[in-house]
Amino acid sequence: MQSVPFFNYPKLFLHQEEKFMQIIRDVLSRGAFIMQKELEEFEEKLARFTGAKHAIGVSDGTNAITLGLRAAGVGPGDEVIFSSHTMVATPGAIVMAGAVPVPCDVDEDGLMDAEQAERLITPKTKMLMPTDLNGRIADMQKIQALAETAGLLVAEDAAQALGARYHGTGAGLFGAFGTFSFYPAKSLGCFGDGGGFVTNDDAIAAHVHAQRDHGRGGLGSAEVSVWGTNSRLDNVQAAILSHLIDTFDENIARRRSIASKYNEAFSEIAELTLPPAPGADPERFDTFQNYEIRSLRRDALRDYLGHQGIGTIIQWGGKAVHQFEDLGFSVDLPRTDEFFRQCLMIPMNHLLSDDDVDCVIEKVRAFHNL
Ligand SMILES: Cc1ncc(COP(=O)(O)O)c(C=O)c1O
């Protein structure tokens with residue numbers, strides 16, 4: 001029986017093994033482990049790719065958020081509104097910056113709902129932080145309008161959305177800063193942890209640049225200007241990312257083509273809600289970090305696919321952030337709650353073969369007697 005894992009981790013390395021070994025050998029044999037030219041090269045490429053004035057490599061997508069909040073002056077006494085369909089990393093980073101995370105209900109795509117966000121604003125609210133979930137940017141026109149009216153900052157958790165666009169602007173560039181994750185299963189994934197930070201604001205960039213290396217003033221400078229930490233992107237990971245970003249457009253194109261195939265193959269299944277197809281909205285360019293469907297028989301579908309060798313995941317282990325009661329949340333977010341009774345991710349990544357995609361399609365259709 002053909003099986004399709006949700007994500008084939010060995011293939012991430014093996015599909016270009018020789019090239020990766022060459023890159024790794026080159027970096028390691030020069031002893032170029034930390035803060036070397038590959039990091040600067042990757043940062044230049046990331047800035048060019050996103051269109052950001054500044055791009056900074058950091059240790060991971062979570063610390064990128066904390067550093068950004070501190071640089072933007074968000075901390076103790078401030079509230080930050082975030083969308084509850086996100087990784088716990090988003091509110092975790094807000095807490096690590098000393099601020100209070102306030103969960104917000106989602107729209108039909110699982111993204112921050114600006115009208116719900118408006119109801120949560122208090123005199124302590126300082127920032128709106130939507131997550132660009134599954135490679136789709138939140139409704140930034142509404143969110144930016146709300147922020148302007150209420151005098152709030154905006155920043156994006158764009159961990160899942162490198163390369164996505166909305167009305168011509170790239171993910172990460174809608175507010176004070178944007179953050180990316182290069183965790184292996186991310187669309188641009190390295191061989192361990194990695195993160196990126198983008199901003200058009202010179203002062204925020206300088207602050208994050210210093211913070212990621214103990215407050216020091218940059219490559220080779222020992223002068224300490226602010227309190228910082230160790231949140232550096234390893235040079236070997238930077239070298240891998242620098243290679244992968246050169247062909248990242250192809251990676252995204254492959255994801256979008258798989259999404260189109262899925263949308264077409266499942267369009268007649270009334271009990272499924274599918275993500276919007278690529279191109280359905282000319283003002284959007286979604287990158288399909290994930291392909292998250294909703295099903296009225298989610299658990300039965302998941303069991304069936306599992307028995308048929310198809311890997312699936314319910315995002316975040318099956319819970320939206322506000323459902324983790326031990327973290328002190330006690331709010332009702334009806335639309336997010338309903339989303340989490342139905343949502344399921346099926347295999348979606350650039351390493352899937354055509355056979356893999358056909359196999360997933362066949363099994364999902366078979367469950368629905370097609
Ligand atoms: C939406 C979102 N935010 C934050 C993160 C955290 O990124 P990292 O694992 O690189 O710290 C992730 C990654 O899993 C994510 O998907």
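**Entry 1: a loop with a positive phi.** I began at H167, which sits in the loop between β7 (165-166) and β8 (169-170). I am working from a predicted model, so I keep in mind that local features are read at pLDDT of at least 70. I looked up the backbone and found phi of H167 near 45°, a positive value in a residue other than glycine. Is H167 buried, exposed or in between? With a relative accessible area of 37%, H167 is partly exposed.

**Entry 2: another positive phi.** I then turned to W316, in the loop between α11 (298-307) and α12 (334-342). Phi of W316 is near 60°, again positive in a residue that is not glycine. The relative accessible area of W316 is 21%, so I noted this residue as partly exposed; the cut-off for buried is under 20%.

Entry 3: I noted about 610 Å³ of space in the largest pocket. Which residues are closest to its centre? They are M87, Q160, Y183, K186 and W316, out of 31 residues that line the pocket. By type, the lining of the largest pocket splits into 15 nonpolar, 12 polar and four charged residues. I also asked which element gives the largest share of this lining. Helix α4 (residues 61-71) does, with three residues.

**Entry 4: the cavity.** A probe the size of a water molecule, rolled over the atoms, shows where empty space is left. How many cavities of 30 Å³ or more are there? I counted one, and the largest cavity has a volume of about 30 Å³. Its lining is made up of A159, Q160, A161, L162, S181, F182, K186, S187, L188 and Q289. I sorted this lining into five nonpolar, four polar and one charged residue. Q160 and K186 line the cavity and are also among the residues closest to the centre of the largest pocket.

**Entry 5: the cores.** The largest nonpolar core has 51 residues, and F42, I143, F182 and L188 touch the most other members. Elements giving two or more residues to this core are α2 (17-29), α3 (37-50), β3 (100-104), α6 (114-119), α7 (140-150), α9 (235-245) and α10 (248-266). Of these, α9 supplies the largest share, six residues.

**Entry 6: the whole chain.** I finished by stepping back. I listed 13 helices and 14 strands in the protein. Of its 370 residues, 55% count as buried. Among contacts with a separation of 6 or more, 70% are between residues 24 or more positions apart. The C-alpha atoms fill a box of roughly 65 × 55 × 40 Å along the principal axes. What radius of gyration would a compact globule of 370 residues have? It would be near 21 Å, and the protein has 20 Å, so the two agree.

Notes:
Residues numbered from 1 in each chain as written. Predicted model: local features only at pLDDT ≥ 70, side-chain atom pairs only at ≥ 80, totals over all residues. Heavy atoms only, no water. 1 Å grid on protein atoms, 1.4 Å probe; cavity = no way out; pocket = protein on both sides within 12 Å on 5 of 7 lines; lining within 4 Å. Points joined across faces, edges and corners; volume = space filled by probe spheres on them. Nonpolar A, V, L, I, M, F, W, Y, C, P; charged D, E, K, R; others polar. Helix = DSSP H or I, 4+ residues; strand = E, 2+ residues; numbered from the N terminus. Buried < 20%, exposed > 50% of the residue type's maximum accessible area, 1.4 Å probe, protein only. Core = buried A, V, L, I, M, F, W, Y, C linked by side-chain atoms within 4.5 Å. Rg over C-alpha atoms; globule rule 2.2 N^0.38 Å. Contact = heavy atoms within 4.5 Å.
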